Amino acid sequence: MDLEPRALRPFLAVADLLHFGRAAESLHIAQPALSQQIKRLERDLGVELFVRSSRSVALTAAGQVLRDRARALLAQGEKDADEVVRVARGEQGRLDVGFVSSALPLGPVRRVQQFRDEHPLVQVHLTEGWTAHLLARLLRGDLDLAIVRDPDAVDGVELTPFHTERFVAAVASTHRLAGRSSIRGEEIAGDPFVFFPPGAGALATARNLAPVVAGGAIPEVVQEASNWTTLLHLVAAGVGVTVAPVSALLTAPSGVVALELDGQHEPSTLAWASRADDTRPVLRRFIDAV
């Protein structure tokens with residue numbers, strides 16, 4: 001049974017025009033060749049599709065059913081072909097994107113939304129998390145891309161830095177050093193700290209606390225939290241102090257004072273992370289856009 005497009009298109013031409021001569025002209029083939037194609041289709045199906053006379057051509061009941069089915073099959077085939085082309089061009093598909101919350105004030109998520117608006121056939125799903133967790137999910141294939149901060153080097157992961165910024169100390173407005181414009185990191189090394197759990201990322205933790213441990217002191221973390229919003233509210237409440245990327249304080253609550261850190265310290269870096277072997281057009285288009 002042959003219901004491929006090459007057999008259905010000639011049938012539909014005759015079914016729509018109900019005239020073999022005009023149908024053959026529309027297909028740019030000879031009428032005898034068209035008649036042979038229709039007879040072959042009828043033979044394969046084991047039914048008559050047309051009632052022919054010297055003056056007219058009409059569809060049988062079976063022909064009417066096949067006409068409707070053929071239109072649906074050809075339309076679906078064209079739709080599938082269009083989808084294949086759009087996917088190949090990176091205009092359709094799905095992307096799962098992770099991000100660290102501290103990147104939000106810097107605008108990359110707004111650019112994600114702009115990409116959504118410009119590419120409505122690409123589904124973009126966002127997931128928040130710590131750098132270490134996002135990298136692990138990326139390697140497992142749960143994520144296609146992630147915005148990470150000070151990521152550890154991981155085999156198979158390609159990193160594209162897009163922003164660097166300095167660290168500052170964050171203390172409560174009632175803190176003894178709150179009236180200063182800048183401090184040395186070791187001046188708060190003995191204070192109780194609020195910070196992320198160690199599992200959030202080894203390199204991120206080391207860079208973040210480097211200004212404090214430069215003098216050899218190891219701060220005592222008295223309270224852990226999963227995001228900067230919570231940590232800075234803890235700072236405002238006087239639970240402890242912390243060191244944060246300067247952009248994290250853009251959304252700090254009242255009662256938090258940012259102090260510049262004297263000395264040379266390695267900055268914090270935000271980067272896009274993707275699997276090195278992922279060359280899908282939709283991913284490349286997304287990276288280029290954002």
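**Stop one: around strand β12**

Start by selecting strand β8 (residues 182-183) and β12: the two run parallel and are joined by two bridges. Keep in mind as you look around that this is a predicted model.

With strand β12 (residues 256-261), β7 pairs in the antiparallel sense, over five bridges. Here, pick out A169 and you'll see L259 of β12 standing opposite.

**Stop two: aromatic rings**

How many aromatic pairs does a search of the whole structure find? There are eight.

Go to F11 and F50. Their ring centres are 5.5 Å apart and the planes sit at 50°, so this pair is tilted. F11 belongs to helix α1 (residues 5-17) and F50 to strand β1 (residues 50-52), so the pair ties together parts that are 39 residues apart in sequence. Both F11 and F50 are buried.

Next, select F196 and W228. With centres 5.0 Å apart and planes at 80°, this pair is edge-to-face, because the angle is over 60 degrees. F196 is in the loop between β9 (192-195) and α7 (202-213), while W228 is in helix α8 (residues 228-236), so parts 32 residues apart in sequence get tied together. Are these two buried or exposed? F196 is buried, at a relative accessible area of 14%, and W228 is buried too, at 6% relative accessibility.

**Last stop: a cluster**

Finally, select F115, F162, W272 and F286: ring pairs link them into a cluster.

Conventions. Residues are numbered from 1 along each chain as its sequence is written. This is a predicted model: local features need pLDDT of at least 70, side-chain atom pairs count only at pLDDT 80 or more; totals for chains, interfaces and linings use all residues. Side-chain values use heavy atoms; hydrogens and water are left out. Two strands pair if DSSP finds at least two bridges between them. Helices (H or I, at least four residues) and strands (E, at least two) are DSSP runs, numbered from the N terminus. Rings of Phe, Tyr and Trp (its six-membered ring) pair if their centres lie within 6.5 Å; planes under 30 degrees apart count as stacked, over 60 as edge-to-face and the rest as tilted. Buried means under 20% relative accessible area, exposed over 50%, partly exposed in between (1.4 Å probe, protein chains only).
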